[in-house]
Amino acid sequence: MKSIIYWLHSQPMRVKVLVFGIIMSTIPLLLISYYYYSNVKPDLEERIISKQELVLQNLTGEIELEFNQIFQQVQLFSFINDKEDKQPIFYDLLMKNTSIEEVVIINESGRIEEKVSRYDLNIPESNERWFSDEMWAVFQSDDRLYGEVEFNQFGQPVMKIALVYMENGSRNAVGATIQLQKIIGQISSLKQDDLSYLYLLDREGKVIAHQDYRKLWHQSPEADNKEMLGVREELVDLGWTIIMEQPKTTAYEPINEMFMKGLMVAVFVTLFVSLISIYAGLYFTAPIVLLDKEMRRLKAGHVASPIILNRNDELGQLAQSFNEMSQELQEKSFRLEQEKERLDVVVNGIGAGLALVTKNYEVTWTNPLLESWMNKEEIKLPCYTLIGGMNTPCENCPITCPEINDNADTILRMQRGRREERLFRHRVFPLTHAIKGEGEYLIVIEDVTEEKQMEEKMIQTDKLSALGLMASSFAHEVNNPLATIHVYAEDLIDRLEQFDDDLDEVEMALYLRKIKENTDRCKRITGNLLNFSRKSNWKVSQFDIKETIQNSISLVEYSLKKKDVLLDVSIQEEMPFMVGDSIKLMQVLVNLINNSIDAINQGGTVAISASLQNRNFVFKIKDNGCGIPDHEMQKIFDPFFTTKPVGKGTGLGLSVCYGIVEEFGGTIMVESRVGKGTMVIVSIPAETRFKEDKQ
C-alpha cells in the first residue's frame with residue numbers, strides 16, 4: 001500500500017486527477033452491483049426450486065392418477081363371478097384404454113385362468129405363469145402388485161400390475177400389462193428450457209424416461225461434476241423417483257449477465273469521468289504524450305490508435321504523418337495476422353493430424369493433434385515407421401513413386417502405448433511450392449474409429465433386421481427336412497420292432513441315406529444362417545462367387561416360393577475367385593434380392609447375373625416389380641429412407657449396401673421405371689484395393 005501511495009505522489013497532476021476520477025466513478029457502482037448480486041441470488045434459487053417442485057408435483061399426480069384409474073377399471077373384474085361375463089368386459093377395457101396390452105385372471109397358484117391380449121393368442125398355455133418372481137413373493141401379503149419395467153415383443157417398455165381379490169376363500173388376482181409410452185412421452189415432452197432436464201428412475205435406479213433419449217435404460221445419470229439445482233418426488237407405490245435438475249451456472253445466468261452489464265456501465269462511466277478529469281492537464285502536453293505513447297506501442301508491435309489533433313501547426317502536421325504511417329503498417333500487419341489466424345484455425349481445428357515430410361521420408365513439422373498421438377522420440381523416425389509401423393517405405397506411395405496419380409488413401413490400424421487400437425485414414429498430398437528440405441509432401445491422418453464402428457453397427461443392425469423379416473422362411477426351410485427325417489425314422493423303428501423280414505441291408509441303407517441327406521440340408525441351412533448373422537470385421541480371403549450367390553439365395557428361398565417368384569440365375573463360366581469378405585458380399589446380395597421380392601406382388605421374376613467385365617466383377621439384380629418414382633431416386637441411399645410399410649423395412653438396406661460396396665472399392669447404380677421394374681448394378685474391381693489395410 002505504501003509503495004502505491006509513493007508511486008501516486010511521484011506522478012504528474014494529470015495522472016493523479018485520472019486516478020481520483022476512476023476511484024470515485026467505479027467503486028460506488030461496484031459496491032451497488034455486488035450488493036444486488038448477493039441478495040438476488042438466494043431469491044432466484046428459491047424461485048427455481050419452487051417452480052421445479054410444482055412441476056414435479058403435477059407430473060407425479062398425473063402418473064398416480066393414471067395408475068389409479070387403471071386399478072379402478074381392473075377392479076371391476078373382481079366383482080364378476082361368471083367367466084362368460086368377463087370376456088366382453090375384457091375386450092371393452094382394451095378398446096377404451098389403449099395403454100393396456102393384456103388383461104389376465106390369475107388363480108391362487110399364480111397360473112392364468114383367463115387371458116385377453118392385443119397381440120397374443122387369448123388362449124393361455126397349460127400351467128402358464130404370469131407373475132414375476134418378485135410379484136409372486138408379495139402376492140400373499142399385498143393387495144396391489146407392481147412388476148418391473150420390461151420390454152414387449154415390439155421393443156416397447158411395459159409394466160405388469162395386479163389387484164388381489166378374494167373368491168371362495170382363495171386369493172386370486174386380476175393382472176394387466178401396461179404400456180409406458182404415454183408416461184415416457186409426458187416426461188420427454190415436458191421441456192422447461194434448454195439446459196434443465198427431467199428424468200424418471202425405477203426401483204433399481206435405472207432411467208426409464210428422459211428428455212435425452214441416449215440416457216434411457218442406463219443407471220441414474222451423474223451431474224457431470226456440476227453444482228445442480230434440483231428436486232425429486234417419490235412415487236411410493238411404484239417405487240419410482242422423478243428428478244428435475246438444472247445447473248447452477250445456467251440458473252444464475254440472468255443475474256450474472258446483469259452483473260456484467262453493471263461492470264460495463266462502470267467502465268464507461270470511468271472512461272467518461274477520466275476524460276473530463278484530464279482534459280485541462282493534457283491540452284498542451286497531449287500531442288507529445290500521444291506521439292510518444294503510440295510510437296512505443298508501434299515499436300512493441302501493438303496496434304497504434306490514430307492521433308486526432310485540431311491543429312494546423314507543426315505538431316498537427318507531425319500527427320498527420322504519424323497517422324498515415326501507422327495506418328499503413330496496421331493494414332499490412334492485420335492482413336498478415338488474418339492469414340496466420342486462418343491457417344492456425346484450419347491446422348489446429350481440422351480434426352486431423354498433419355505432417356510435412358521430405359523426399360527422404362523425414363518429418364519436419366507436425367500439428368499439435370498429431371503430436372498428441374505420438375511421443376517426441378517417435379517424431380524423429382521416418383514417416384513409414386512413424387505412421388505405417390514398417391521398416392521400409394510403403395508401396396504405392398506418392399513419395400516413393402511420384403508418377404502415381406494417387407494420394408494413397410488407406411486405413412491404418414495403430415496402437416500407441418497402452419491405448420486401445422484405433423483406425424486412422426491416411427492420405428498423402430504433394431506440395432508444388434514447397435521450400436526444399438522443409439517438406440515436399442503433406443500427410444493427413446484422420447481418426448475414423450467411431451465412424452467405422454458406427455458403420456459396423458449399421459451393418460449388423462441391417463443383418464438382424466433381415467433375419468427378423470426372414471424368420472418364418474428359416475423355420476419353414478428347416479421344418480421340411482425335419483418332417484422327412486421323422487417319417488423315415490418312425491417307419492424304420494416300426495419295421496425293426498415288427499422284425500420285418502423284407503427289411504434287408506440295402507433298404508436300411510436307403511432309410512439312413514435319406515435321413516443323412518435331410519440332416520445335411522438342415523446343417524447347410526443353419527450354417528448359412530449363422531454365417532450371415534455373425535458380427536465380424538473385414539476378413540480378406542479368396543472365395544467362390546457362385547457359392548456365395550447360392551448361399552445368398554438359400555437365405556431368401558422361402559420368400560421366393562411364398563410369392564411364386566421365378567428366379568433366373570446366370571453366372572459366367574470359369575469365374576475366377578474373388579478377393580474380399582464373402583459374408584459382406586452375401587449381405588449386399590440378400591438385401592438387394594429382398595428388395596426385389598418386396599417390390600413384386602405375386603408371380604414376378606427376379607434375375608441374378610454375375611460376370612467379369614473389363615477387370616470388374618459385375619453383379620446385376622433385376623426384377624419386374626413396381627419400380628421407384630423419379631423423385632425418390634435421389635434418396636434411396638439415405639439411411640432410414642424407405643418406401644416400404646411399417647414392419648417391412650428399416651431403411652438401412654441400400655445405405656449399408658452402398659457402404660459395403662464402397663469398402664470393396666466398387667460402385668453401385670440403380671435403374672428403375674415405375675411399373676416396369678428395377679435393376680441394381682454392382683461393380684467391384686477384380687483386383688480390389690481395400691481401404692482398410694492392417695499394418
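Phe71 is buried, at 2% relative accessible area; buried means under 20% relative accessible area, exposed over 50% and partly exposed in between, with a 1.4 Å probe and protein chains only. The model is predicted: local features need pLDDT of at least 70, side-chain atom pairs count only at pLDDT 80 or more, and totals for chains, interfaces and linings use all residues. Residues are numbered from 1 along each chain as its sequence is written, and side-chain values use heavy atoms, without hydrogens or water.

Tyr146 is also buried, at 11% relative accessibility. Aromatic pairs number 6. Rings of Phe, Tyr and Trp (its six-membered ring) pair if their centres lie within 6.5 Å; planes under 30 degrees apart are stacked, over 60 edge-to-face, the rest tilted. Phe71 and Tyr146 have ring centres 5.6 Å apart and planes at 75°, so they pair edge-to-face. This pair links distant parts of the chain, 75 residues apart: Phe71 sits in helix 2 (residues 13–75), Tyr146 in strand 3 (residues 144–151). Helices (H or I, at least four residues) and strands (E, at least two) are DSSP runs, numbered from the N terminus.

Arg144 lies over the face of Phe71, 4.3 Å from the ring centre. The rule asks for NZ of Lys or CZ of Arg within 6 Å of the ring centre and within 35 degrees of the ring normal.

## An aromatic cluster

Trp130, Phe131, Trp136 and Phe139 form one aromatic cluster. Within it, the rings of Phe131 and Phe139 have centres 5.2 Å apart and planes at 45°, so this pair is tilted. Phe131 is buried at 9%; Phe139 is buried at 0%. Arg129 lies over the face of Trp136, at 5.1 Å from the ring centre.

## Nonpolar cores

The largest nonpolar core has 39 residues. Such a core is a set of buried Ala, Val, Leu, Ile, Met, Phe, Trp, Tyr and Cys residues joined through side-chain atoms within 4.5 Å. Helix 17 (582–599) is one of the elements giving two or more residues. Helix 17 gives the most, with 9.

Phe619 is among the residues with the most contacts inside this core. Beyond neighbours within four places in sequence, Phe619 is in contact (heavy atoms within 4.5 Å) with residues including Ile545, Met578, Leu585 and Val682. Another core, of 38 residues, lies apart; Ile70, Phe90, Met159 and Leu238 are among its members.

## Helix 5

Helix 5 (residues 181–189) buries Ile183, Ile184, Ile187 and Ser188. Seen down the axis, these buried residues fall within an arc of 130°, so they line one face of the helix. The arc is that of the directions from the helix axis to the C-beta atoms.
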